[in-house]
Amino acid sequence: MMRARLLPVCMVFFYLDSSLKVHSFTVQRRAARQALDYVAKIENLGNCSLGTGESLDLIYDHTVWNSYALAAVRLANFISKIITTNNNSLASLSDEVLFALVRNNVHLKSFIFGSGIPFEPHPSLRYPLFCPYAYRNENKTKVLTKDLAVEYNYTDPSTEYYQVLRYKDFSNISIVTDKVYFRSGDALLPAVDIAQPVADIDDGHWTKPYFDCGGGNIWMVTYSSPIFGLEQDQKTVIFRGVATIDIELTSIDINQCDLSKIPKERATFDVFRGTHLCQPSTECEFTPGAGFRRGAYICKCAKGYFFPNSNAEEKFYKGYDIEADVDSALNNITSLYKYSCTRCAPGCDVCTDMSPCLFTRNVVIKVLILILTFIVIVFIIIASGIIFRLKESKAIKSGSPIFLLLMSFGGILMCLQLFVMFPDANEVLCMLLPWPYHLGFVLMYGALLLKTWRISIIFRKGQFKKVHLPDRTLLRHMAMIMAVAFGYLVAWTAANNDFSQMKKTSSGLKFVMCTENWWSYSAYGMEIVMLLFGVYLCFTVRKAPATFNESKHITWSIYNAILLSTFILIVNYFTAETVGPDLIYSMTFLNCQVVVTMTLVLIFVPKFYAVYMKIEIKRRDSLPTVTGKMKSRSSSSQHRSIAVQTTLNGEDSEGKNVRTRELKISHSLDLSTNGTLSPLFKNGNKN
């Protein structure tokens, strides 16, 4: 309680409720900041004259002090019993007894700083106003007791702890009737019914916190419980005063840090949470033990930021310094910027300086590889144009121009992988990355293997029956293979959630890398099986005679793709991840050259060379096999010739002389676009 010359300066605190609206929350936080500013004023000025009459209407949670408030409730009910028992008179209670009662409340080791009994004026009082009051001295070594009514009029309308209960409606107060057996000598007298009002803790009132300037010079909050008498009807209560306890707030810490940064425990002064002045680059950390004052926190650098002064012993900002600086700057918020931390280099979660954490890719290497890839694509397009233009040439026609063009398109798709990898990896790019490479691989090598498969079928079965495998049939097979590859990629994309992951080089630099999982390993495995099947096909046609031998070059290209590409993938898996994305990009480019450039060179260059040199049908005596060995004709030996007649309408030249056709077929193996086979067997000794 306060002296007469000082009106209570009210401050209020509220408990944050998650259901509050944003606007209401902002208003309450602003009010809490104003309350903190007033706390600082009282602390710094040393007098309370400026605080007289000021009030801030907020709400605080007082339920944590209910156990202390019960002391006032019991004291009020005790005096109410004395009054009702003695016909509404206090004559039976001396000053000594009343002073002892209030001292008894203060002697408890608790937050209770003082206790008083302000009585309502009544004829039974020995003084017009009477308020026994006990409180601790400044160093809390003694309990002082006095009649507070001598110093100020507690019935003044501004006295909150008294006036609120004085005019409160207590018509519903609980009135109990006890049976009391008084004693007379060695016997008990007959029971007497005594009616008395009984107040509960909810019948009392908590004041708004105030600074008891000039008295204890501390922050406190007062709880008052009503004292009653009874009218003659024993049903109507009479207000006879209050019993109070003063809770000391000086030793209670003000926590200004965000509610989400501390344990989820309910506290009285959660109103101040979120009122700190830490900048967004810092985090508020509560420092207990400072008492009822603002600034009891430090601002530490948040994750991803570092303290700008590397030579400072304390790598944080003190809340007291920040609060004081804002006051001196007349609440200029711009002065808070100097209490910020510096953002770490990109990719750094924790740092002490601006040292890089992310791998910086070499632009020269990236651009050079991209230019070379573009040149490769241009050459593939030029080669495709030449094939289309010379599609009627025997050297080109024997290799099925439509499938040569499909190989070219597949090679271009595989090269597009380098364009997807040119920017820094992210979820979208890593999701797209498998599509051009695997679709291009299946298209390119599928076309190559289907061509070889047709030769194998013709060579192995053509001597027994007529084989008809036109390009249209092979294209249907090609479409089914592509549909399977497309479906696999769709399932791969749909099943994965994380397409990228963070990796670190051996030097600790981080970079984003596309995730390799069993989907990718399975795709590589199926492609290797596909290439091994191509090796088998080449083996089956190794002895097939042909004017323009492809099988040897196909075998070389498949061996290169299996051995070199596997080696590159292994190096990429075990080494490139620790070296960085530049090596990954370079190894991917090398792999593209192995499976695309070398294959197309081995298949296309011999055909272009034959066209350029105008190589015609060789004599049968020097006809090479698929393996490249020369066979000499012997008059005594039997020869078998297998040919694929090239005609525009897909029909055999049935009208020609068989002897002439056999001689023509024996000189060459001409594979046409319609795949018609006319097998003829010739005995060298017959006419």
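What follows is a working chat about helix packing and annotated spans in a predicted model.

Biologist: How do H13 and H14 pack, in terms of angle and axis distance?
Modeller: In this predicted model, helix H13, residues 551-579, packs with helix H14, residues 581-613, at an angle of about 175°, and their axes are 8 Å apart. Because angles over 145 degrees count as roughly antiparallel, H13 is roughly antiparallel to H14.

Biologist: And what classes of residue make up the contact of H13 with H14?
Modeller: That contact divides into 18 nonpolar and eight polar residues, with no charged ones.

Biologist: Switching to H10 and H12, at what angle do they cross?
Modeller: Helix H10, residues 434-461, and helix H12, residues 518-540, cross at roughly 25°, their axes coming within 9 Å, and the two helices are therefore roughly parallel to each other. The crossing in which H10 passes H12 is left-handed.

Biologist: Which residues make the contact there?
Modeller: On the H10 side they include Tyr437, Phe441, Tyr445, Leu449, Trp453 and Arg460, while those of H12 include Tyr524, Glu527, Met530, Leu531 and Leu537. By class, the contact of H10 with H12 has 13 nonpolar, six polar and two charged residues.

Biologist: How far apart are the end C-alpha atoms of residues 474-495, and what about 594-612?
Modeller: For residues 474-495 the end C-alpha atoms lie 32 Å apart, in a span that is 100% helix and 0% strand. For residues 594-612 they lie 26 Å apart, and that span is likewise 100% helix and 0% strand.

Methods:
Residues are numbered from 1 along each chain as its sequence is written. This is a predicted model: local features need pLDDT of at least 70, side-chain atom pairs count only at pLDDT 80 or more; totals for chains, interfaces and linings use all residues. Side-chain values use heavy atoms; hydrogens and water are left out. Axes are lines fitted to C-alpha atoms, for helices over the stretch in contact, and angles run from 0 to 180 degrees between N-to-C directions. Helices (H or I, at least four residues) and strands (E, at least two) are DSSP runs, numbered from the N terminus. Angles under 35 degrees count as roughly parallel, over 145 as roughly antiparallel, 65 to 115 as roughly perpendicular and the rest as oblique. Ala, Val, Leu, Ile, Met, Phe, Trp, Tyr, Cys and Pro count as nonpolar, Asp, Glu, Lys and Arg as charged, and the others, Gly among them, as polar. A crossing is left-handed if the near helix is turned anticlockwise from the far one by less than a right angle, and right-handed if clockwise. Contact means heavy atoms within 4.5 Å.
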